[in-house]
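I opened the model today and kept notes as I went. Here is what I looked up, entry by entry.

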Amino acid sequence: MIYLVEDFFSIQGEGRRLGTPSIFLRFGGCNMRCPGFQTKVITPSGEEVVGCDTAYAVFKEFKSHWKKIQKADELMEIVNSYKLNYKADIVLTGGEPLIYADNVILTQFLEHVIHEGHEVTFETNGSLAVDFKTYPVYRYCRFALSVKLACSGEAEADRINKAALEGMIRYGKDSFYKFTLPSENLNSVAQEIKAIHDEIAKVDTYCMPMSDSKKHLESRCENVIEFCKQEGYIYSDRLHIRIWDEIQGV
């Protein structure tokens, strides 16, 4: 069994496939909490939790609102329900979708959609290893490696898994880094990213502002753009936030 928080059809708002029509499947559960991102969310029981901008897909306090998926066919039914006349990208996000990497429901689903011709992207924190030998289907998947930096509030040993990142970069399809940057201390951030490049691998690197609202995005984007100009990285807007602000599921 795996948990699905929501599905929606939109455009990719971040990274290499920015603007591409995509079917999003957001899975429930994560191996991190990222309190440094400071997004405050009220749980169904009325408790306040602090984490990333998708805390509702991270904290188990929301689990009663997640849908239980028992078979790969249930995910296929969701994809087919959009009745598109083309093969839209499929984006698996969370939470952390790779907590289900060894689950037969997920691997069977991947085999089916890739066989049908869909492009598949995992939006992952990159800390969980993928078994490419046992599950060769992952070699046809793209990994958007949203490696968490110190500003996330997570310990370095928990957020950076060298072997996992090396595997996804080596064996995955067209993988890239996607960093969420704070609005200050960017010199320290530059050193962190350089260390990841030096110790693991240097692939295309996208940087975007830490933001959970259009107001935050607009006030912080210029600093990140200047950072990218200085360091030679690729600026990624957060198009879904710029267009739909704090609305979820778009």
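**Entry 1: helix H5**

I started with helix H5, whose buried residues pack against helix H3 (156-159), E9, strand E10 (205-209) and helix H6 (214-231). Before going on, I noted that this is a predicted model, where local features need pLDDT of at least 70, side-chain atom pairs count only at pLDDT 80 or more, and totals for chains, interfaces and linings use all residues. Residues are numbered from 1 along each chain as its sequence is written, and side-chain values use heavy atoms, with hydrogens and water left out.

I also wrote down the terms. Helices (H or I, at least four residues) and strands (E, at least two) are DSSP runs, numbered from the N terminus. Contact means heavy atoms within 4.5 Å. Buried means under 20% relative accessible area, exposed means over 50%, and partly exposed is in between (1.4 Å probe, protein chains only).

Which residues of H5 are buried? I found Leu186, Val189, Ala190, Glu192, Ile193, Ile196 and His197. They cover an arc of only 165 degrees around the axis, so they sit on the same side of H5. That arc is taken from the directions from the helix axis to the C-beta atoms. On the other side of H5, I got Asn187, Gln191, Asp198 and Glu199 as exposed.

H5 covers residues 186-199, and its 14 residues reach 20 Å from the first C-alpha to the last, close to the 20 Å expected at 1.5 Å a residue. The expected span is 1.5 Å times one less than the number of residues.

**Entry 2: the sheet**

Next I traced the strands. There is an open sheet of 9 strands with mixed pairing, in the order E5-E1-E2-E6-E7-E8-E9-E10-E11. Strand E5 (67-69) and strand E11 (234-235) stand at the edges with a single partner strand each, so one side of each has no neighbour in the sheet. Two strands count as paired if DSSP finds at least two bridges between them.

I then went through some pairs around E8:

- Strand E7 (residues 120-124) pairs with E8 in the parallel sense over 4 bridges, and Thr121 stands opposite Arg142 in E8.
- E8 and strand E9 (residues 176-181) are parallel too, over 2 bridges, and Leu145 has Tyr177 in E9 as its bridge partner.
- E9 and E10 run parallel, joined by 5 bridges, and Leu181 stands opposite Pro209 in E10.

Are the two faces of E8 covered or open? Both are covered: in this strand (residues 142-145), Arg142 and Ala144 on one side and Phe143 and Leu145 on the other are all buried. In a regular strand the side chains alternate between the two faces of the sheet.

**Entry 3: cysteines**

How many disulfides are there? I got 0, counting a disulfide as a pair of cysteine sulfur atoms within 2.5 Å. Cys30 is in no disulfide, and the nearest cysteine sulfur, that of Cys34, is 6.5 Å away. The sulfur of Cys141 is 19 Å from the closest cysteine sulfur, in Cys30, too far for a bond. Cys30 counts as buried at 18% relative accessibility, and Cys141 counts as buried at 0%.

Most residues other than glycine have a negative phi, and most peptide bonds are trans. I went looking for exceptions. The peptide bond from Gly94 to Gly95 is cis, with omega near 10 degrees, and Gly95 is in the loop between strand E6 (89-93) and helix H2 (104-116). Gln38 has a positive phi, near 65 degrees; this residue lies in the loop between strand E2 (21-27) and E3, and is exposed at 59% relative accessibility. Lys83 has a positive phi as well, near 50 degrees. I found Lys83 in the loop between helix H1 (72-80) and E6, exposed with a relative accessible area of 73%.

**Entry 4: the whole chain**

Last, I zoomed out. The protein chain has 7 helices and 11 strands. Buried residues make up 53% of its 250 residues. Its C-alpha trace spans about 45 × 45 × 35 Å along the principal axes.
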